[in-house]
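Here is a short briefing to read alongside the model.

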Amino acid sequence: MMPADNHTFFAPVTYILTGIPGTEESHVWISIPFCLMYIATLFGNSLLLFIILTEQSLHQPMYILMSMLATVDLLLSTTTVPKMLTVFWFRAGEISFAACLTQMFFIHFSFIAESAILLAMAFDRYIAICDPLRYTMILSKSVIGKMGLAVVTRSFCIIFPIIFLMKQLKFCRTNLLPHTFCDYVAIARLACDDITVNFWYGIAVAILVIGLDAVLIALSYGLILRAVFRLPSKDARLKALRTCSSHLCVILMFYTPSFFSTFAHRFGHIIPGYILNLLANFYVLIPPMLNPIVYGVTTKEILKRVIHVFHRWCRRSSLLS
């Protein structure tokens, strides 16, 4: 992490994304599942947004938060996957320094925003189960709007210093970036300056922000479980647990790979680079693809509307044919 001596510093104009190191011969084959996952992400999250926006009965706090999550998932995947596919298909890895910083900003912005939205959803479930009589009063539309504004403001304020710190670095090494997208740690390691501040700021964000969100979510679900098991009837307990099952699945899909990927990149020097690279790619691909599937399958109101939309499309197709 110490600065290099006797080097010619330069301001990078462009970086060249090289894809996943060690798998160059398989890039075309790797791109096929990545492309299919991206298509599924676009379709699933767009359908979820369409259903929530067009169905008046779904204009409730839980579904509004779902729509926020779907929007962030679309932002994350669209920021990364198209460029990733051009690297795999056309070896077109050139990206300007400004574009690289912009991509990096939106990737980490999405990450922080999704964590905050999951925390808001945990609070929503806590109020719905532990204090249902005051649910609509506590989580009014104005409160949900303020939550959304807080998510955006917090994410921006946390990620902006990363961009500022990156612009202060001097680079004297290669502009080849062994990645499929502009990763904060990967770019910082190309600098010849001391990156200790960059390193520990990233760790602080991971521990104090994401870790704190995870602890608060765990605490809220501990209180939810305590309330659920105090319910008098078995049917009531099962119904309450079903309302939380989809959210718990999404939480596990988000935090498990993100924690492992974050700390593996910073401390996992013995882990092969292509494994770390694949983990990072799976993080930006799999949760955004699976989130709408989980909510669509486990949430009865969403599933009913999806089936209705497909029936309507099928009828229109049959009439046109």
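This is a predicted model: local features need pLDDT of at least 70, side-chain atom pairs count only at pLDDT 80 or more; totals for chains, interfaces and linings use all residues.

K239, R242, K300 and K304 form a positive surface patch. Residues are numbered from 1 along each chain as its sequence is written, and side-chain values use heavy atoms, with hydrogens and water left out.

**Charged patch**
- Patch residues have over 30% relative accessible area and no salt bridge, with like charges joined within 9 Å and nonpolar side chains (Val, Leu, Ile, Met, Phe, Trp, Tyr) within 5 Å.
- A salt bridge here is a side-chain nitrogen of Lys or Arg within 4 Å of a carboxyl oxygen of Asp or Glu.
- Lys and Arg count as positive and Asp and Glu as negative, while His and the chain ends are not counted; each charge is placed at NZ of Lys, CZ of Arg, CG of Asp or CD of Glu.
- R242, one of the patch residues, sits in helix α8; helices (H or I, at least four residues) and strands (E, at least two) are DSSP runs numbered from the N terminus.
- With a relative accessibility of 53%, R242 is exposed; the classes are buried under 20%, exposed over 50% and partly exposed in between (1.4 Å probe, protein chains only).

**Cysteines**
- How many disulfides are there? The count comes to one disulfide, taking a pair of cysteine sulfur atoms within 2.5 Å as the rule.
- The bond links C100 and C182, with an S to S distance of 1.9 Å, and the link is left-handed at -115° about the S-S bond.
- Because C100 belongs to helix α3 (residues 97-130) and C182 to the loop between β3 (176-177) and α6 (184-188), the pair ties together parts that are 82 residues apart in sequence.
- C244 is in no disulfide, and the nearest cysteine sulfur, that of C130, is 8.8 Å away.
- C244 is buried too, at 3% relative accessibility, and C35 counts as buried at 18%.

**Nonpolar patch**
- W29, I32, L36 and I39 make a nonpolar surface patch of about 470 Å²; accessible areas come from the Shrake-Rupley method with a 1.4 Å probe, and for residues only the protein chains shown count as cover.
- W29 belongs to helix α1 (residues 27-54) and is exposed, with a relative accessible area of 65%.

**Single residues and distances**
- Is F229 buried or exposed? F229 is exposed at 57% relative accessibility, in the loop between α7 (196-228) and α8.
- From F229 to I286 the sequence separation is 57 residues, and the C-alpha to C-alpha distance is 33 Å.
- V185, placed in helix α6, is buried with a relative accessible area of 11%.
- V185 and I195 are ten residues apart in sequence, with their C-alpha atoms 9.7 Å apart.
- R91 has a positive phi, near 55°, and is a residue other than glycine.
- You will find R91 in the loop between α2 (61-90) and β2 (94-96), where R91 is exposed at 59% relative accessible area.
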